[in-house]
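Terms are given with their cut-offs where they come up.

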Amino acid sequence: MRFVQAVLHGIYNLGTASCLCSVVIKRKKEMGNWNTTCACTRSKLKRKQMDSMDHNTHHEGIKTVKVNKVCDFSGNSDLCICVVTWNMNGQVVYEDLVELVGSNSKSDLLVVGLQEVPRKNIAPLLQAALADTHVLLRKAIMQSLQLYIFGTQNSGIFIKELKVDKHSVGGCGGLIGRKKGAVAIRMSYNGIRMVFISCHLSAHARNVEERNSQCRHISHSLFSKHRNPYSKPAQVTVWLGDLNYRIQGIKTHPVRNLIQKNLHRLLTGKDQLLQEAERGQVFDGYCEGTLTFKPTYKYDVGSSNYDTSYKVRVPSWTDRILFKIQDMEEIRASFAFLRVCR
């Protein structure tokens, strides 16, 4: 199992590798003194709508933000979100789900994005792992690509405009349990407009431009059929999933040697996603926690050993969580990685 976990007080990311993180969101008028690291501490620039990835003359790229070691579930935040992305590799063990979501009872929202989901109804398993702390608010499913949002028992009174959409990027991946594309949920929680996009992009290191194109198509297509030109854009947009961007320009054994010596931070300059964002191709102006955890791809099934097959794949940070704050004059967020599991 691989997963990354983070909190965008709170964001959470999981997979064959997974991530868990937490993000805490505060409205400026209620923040008071700001003594916690902000996820997006930038100059106050007027931005495009969050679903736009059009090229600009000036590119901010992806802003790498400092992450807290612990999540402060403080009462003075407007919203705490735990976001998880997990490539399940066609397998599920209930104990893994409990480890993944069972300890997040303090978050207001739990967002779980899954890729390569086996042909089993996952929602009841997730609900059982959460016990009575959270209830399912909405799900978006496109074959093996799935997104679930859970909220606390009383969260219904804060939620409006729950909408779902999906976009396939072609191919017959669904036949073998590896559907590519994105599923998304748009919602308003206590007046904060948010969009969550869970995606699974094309594989292989050589397909960088294909992944870039898929990101742009997904961004422009989601919720476009009935788009109201007078509606306000999302204030918070979160992308999570198996984005499949790889480490390039260095062979697998030097990469593994650096990881073994806990020097994997030296590999971020070789990360395709950060490179493409710097070029203005994707995710311009988004934020991501520092890649302090080891690459989440690709492990031998059921072990912490990197790929020992004949392909000997280059370890890479394929499982990612990125977020963007539209109006930093009104909203700020702090960010914490909780753990990374394999």
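## Aromatic residues

Trp239, Phe283 and Tyr286 form one aromatic cluster. This is a predicted model, in which local features need pLDDT of at least 70 and side-chain atom pairs count only at pLDDT 80 or more, whereas totals for chains, interfaces and linings use all residues. Residues are numbered from 1 along each chain as its sequence is written, and side-chain values use heavy atoms, with hydrogens and water left out.

Rings of Phe, Tyr and Trp (its six-membered ring) are taken to pair if their centres lie within 6.5 Å, with planes under 30 degrees apart counting as stacked, over 60 as edge-to-face and the rest as tilted; by this rule the count comes to four aromatic pairs. The rings of Trp239 and Phe283 have centres 5.0 Å apart and planes at 85°, so this pair is edge-to-face. Trp239 belongs to strand β11 (residues 236–242) and Phe283 to the loop between α5 (272–278) and β12 (287–289), so the pair ties together parts that are 44 residues apart in sequence. Helices (H or I, at least four residues) and strands (E, at least two) are DSSP runs, numbered from the N terminus.

Trp239 is buried, at a relative accessible area of 1%, and Phe283 is buried at 0%, where buried means under 20% relative accessible area, exposed over 50% and partly exposed in between (1.4 Å probe, protein chains only). Tyr299 and Tyr306 form a stacked aromatic pair, with 4.5 Å from centre to centre and 20° between the planes, and both of these tyrosines are buried.

## Strand β4

Nine of the nine residues of strand β4 (residues 79–87) are buried, so the strand is largely enclosed by the rest of the structure. Leu79, Ile81, Val83, Thr85 and Asn87 point one way from β4, while Cys80, Cys82, Val84 and Trp86 point the other way. Cys82, for instance, has a relative accessibility of 1%.

Strand β4 runs parallel to strand β5 (residues 109–115) and is joined to it by seven bridges, two strands being paired if DSSP finds at least two bridges between them. Within this pairing, Asn87 stands opposite Gln115 in β5.

## Gln146 and its surroundings

Gln146 lies in strand β7 (residues 145–152) and is buried, with a relative accessible area of 6%. The side chain of Gln146 makes a polar contact with that of Tyr148 at 2.4 Å; such a contact is a pair of N or O atoms within 3.5 Å, where within protein one must be able to donate a hydrogen and the other to accept it, and residues adjacent in sequence count only if both atoms are side-chain atoms.

When residues up to four places away in sequence are not counted, Gln146 touches, among others, Val112, Gly113, Leu114, Ile141, Val183 and Ser198, contact meaning heavy atoms within 4.5 Å.

## Cysteines

A search of the whole structure finds zero disulfides, a disulfide being a pair of cysteine sulfur atoms within 2.5 Å. Cys215 is in no disulfide, and the nearest cysteine sulfur, that of Cys199, is 6.0 Å away. Cys215 counts as buried, at 0% relative accessibility.

## Overall make-up

The secondary structure of the protein comes to five helices and 14 strands, and buried residues make up 56% of its 342 residues. Of the contacts in the protein with a separation of 6 or more, 74% are between residues 24 or more positions apart.
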